[in-house]
Amino acid sequence: MTAATAVDVLVVGAGPTGLTLALQAHAHGARVRVIERRPGVFRPSRALILHPRTLEVLRPLGVTDALLEPADTAPTVGLHLGSRVVEAGLADLCLPDTAFPHLSLLRQTDVERVLAQALADRGVTVERGTELVTARDDGHHARALLRSQRGTTEEIRCLFVAGCDGPASTVRACAGIGWHGRPYREEVVLADLELSGDAGRSGAQVFAGRQGLLFLFPLGERATWRLLATRASVGGSGPDFGQPGPAVPFADLQRLLTDAGLDARIERLAWSARVPLQAGLATRFRRGRLFLAGDAAHTYSPATGQGMNAGIQDAVNLGWKLGFAAGCSQAPEGRGKEVLLDSYDAERRPAAYRRLILTHTAFWAEASTGRIPSWLRAVAAPLAAPAVPILLHRPRLVAEGIRSISQLRVNYRHSALSVEGRPRLRGAPRPGDRLPDATVSIGAHPQRLHELLTGPGVHVVLQRDSTLPSDAVLGRLVTVLRLRNSPGHGLLAVRPDGHVGFGCGTTDRAGLSDWLSLIGASTSPSSRP
């Protein structure tokens, strides 16, 4: 066993959640180390969609341009409802308060590649083939025992351990955190394949049938098409929930295509797998210095594409808090630091529970083989097909659905970190709300607000007549922005994850200072106005 190594945050798992958490914690001052038990980089993508809110929270980490380069940001979908085909576009979704008013089709492997490269550019390399054996909280630190692919072990001491290690989380087991989960009677079938015949359409294709839904995405990793289908589980032993398992027989895949009404033959099958599913939620997301994020904290059906997006948003919420907590680690342990760390569970677990209800309901309609959902897909949906284009041409209606799915409406108003001064700042987002994008003026030319808030840290947004001096000592990761087109004396303090933390209708210096101290952002004597 090698000697202990000091680190602030040990991230267990190098999927999108773990990589994002490492980037966010590092950007906010923490020394991070990332381990991944899988020795290889490649694994078939299970997630293929990035939501608008996910792109928003990743923007301050400087990775959105690289993510959008290979993405399809103007995807089209052909909805096959019986004999009818309805074409739908998923770009320009009437979302004026975000820079990303679209769904983006992008493979999970591409997301991981971009995030891992961003970490490497910051001097952090993912340690592949290294697994966590045990982790514990000894009161003053966390201790973790690691084992390399060669079998050597190492015990390290760190401030925090972040478990981003999937549904069968070792961190969750070590923390003794309970799990409420229920397996689905349905499973997902994944495959990469080449097709002939009626597969010449461009864009994604969705087929609704009595046995479930079948998706074809032009995003295969080992062939042109990625097939994703739901069906009743055929039983038998499998891997962890949510993980690709045994291959699917060629004949079964062809039968899925035929039953969906697709006149196409499989010319080449590159890869396939059955994926068992469950809906589950950890009883808590934190125990002492051990934290859970992503699939280690919650698992969903694939309906509405929540898995990767929810994990990334967990990571952005937790990462800055661990970074700030590590930055004030030399200060005595006190209530303020515990309030900061406890806020992660208080904010993200209720959001996860609401998503669990959403995805469970959607998956029932998409995949259940019960009498009612089967009838809805096979009979009611084709009958309603003529009305679908009318609904799709109601952009505000579509936009409201995307807001709910992508977590643009999530707020933390009841969080201990959401503090409202007196008088209340009218006409502005309340503490806990996401800060919407808008056109603002800080000089001669109008600019978009989110473009001005792309760096890490806390952003203090002042109204035009605020008396807070521009050279105020606020902290190393606190920047100040004055809006020339917003008359008034108020201010908003925006958290690193884009939610308002503090707001007041006057320039409440004491209130702002107290809030910055609460989140651990005022520990450095330097600031960048």
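Helices (H or I, at least four residues) and strands (E, at least two) are DSSP runs, numbered from the N terminus. This is a predicted model, in which local features need pLDDT of at least 70, side-chain atom pairs count only at pLDDT 80 or more, and totals for chains, interfaces and linings use all residues. Residues are numbered from 1 along each chain as its sequence is written, and side-chain values use heavy atoms, with hydrogens and water left out.

**View 1. Arg 231 sits in strand β14**. Arg 231 is buried, at a relative accessible area of 12%. Here buried means under 20% relative accessible area, exposed means over 50%, and partly exposed lies in between (1.4 Å probe, protein chains only). Leaving aside residues up to four places away in sequence, Arg 231 touches Glu 186, Glu 187, Val 189, Gln 211, Val 248, Asp 252 and Arg 274. A contact is counted when heavy atoms lie within 4.5 Å.

**View 2. Strand β14 belongs to an open sheet of 8 strands**. The order is β5-β4-β12-β13-β14-β11-β15-β18, and the pairing is mixed. Two strands pair if DSSP finds at least two bridges between them. At the edges are β5 (84-89) and β18 (298-299), each pairing on one side only. Strands β13 and β14 run antiparallel and are joined by 4 bridges. Look for Leu 214, which stands opposite Ala 229 in β14.

**View 3. Helix α6 (residues 250-259) has buried residues**. They are Leu 253, Gln 254, Leu 256 and Leu 257. Seen down the axis of α6, these buried residues fall within an arc of 155°, so they line one face of the helix. The arc is taken from the directions that run from the helix axis to the C-beta atoms. Cover for the buried residues of α6 includes β11 (179-197), β13 (212-217), β14 (225-232) and β15 (264-282). Just after α6 comes Gly 261, with a positive phi of about 90°.

**View 4. Phe 285 lies in the loop between β15 and β16 (286-287)**. Phe 285 is buried, with a relative accessible area of 0%. Ala 297 is 12 residues away along the chain, yet the C-alpha atoms of Phe 285 and Ala 297 are separated by 6.2 Å. Not counting residues up to four places away in sequence, the contacts of Phe 285 include Leu 290, Phe 291, Leu 292, Ala 297 and His 298. Phe 285 also touches Tyr 344, Asp 345, Arg 348, Arg 349 and Ala 352.

**View 5. Arg 348 forms a salt bridge with Asp 314**. The closest N and O atoms of Arg 348 and Asp 314 are 2.8 Å apart. Arg 348 lies in helix α8 (residues 335-367) and Asp 314 in helix α7 (residues 307-327), so the pair ties together parts that are 34 residues apart in sequence. Both partners are buried: Arg 348 has a relative accessible area of 1%, and Asp 314 has 0%. A salt bridge is a side-chain nitrogen of Lys or Arg within 4 Å of a carboxyl oxygen of Asp or Glu. By this rule the count comes to 35 salt bridges.

**View 6. Arg 448 and Asp 437 meet through their side chains in a salt bridge**. The N to O distance is 3.4 Å. This pair links distant parts of the chain, 11 residues apart: Arg 448 is in strand β21 (residues 446-448), and Asp 437 is in the loop between β19 and β20 (439-441). Arg 448 is partly exposed at 24% relative accessible area, whereas Asp 437 is buried at 5%. Elsewhere, salt bridges that share partners join Arg 53, Glu 56, Asp 97, Glu 400, Arg 403, Arg 409 and Arg 434 into one network.

**View 7. An open sheet of 5 strands runs in the order β19-β25-β24-β22-β23**. The pairing is mixed. The edge strands, β19 (419-420) and β23 (478-482), each pair on one side only. Strands β24 (residues 491-494) and β25 (residues 500-504) run antiparallel, with 4 bridges between them. Leu 492 faces Gly 503 of β25 as its opposite residue.
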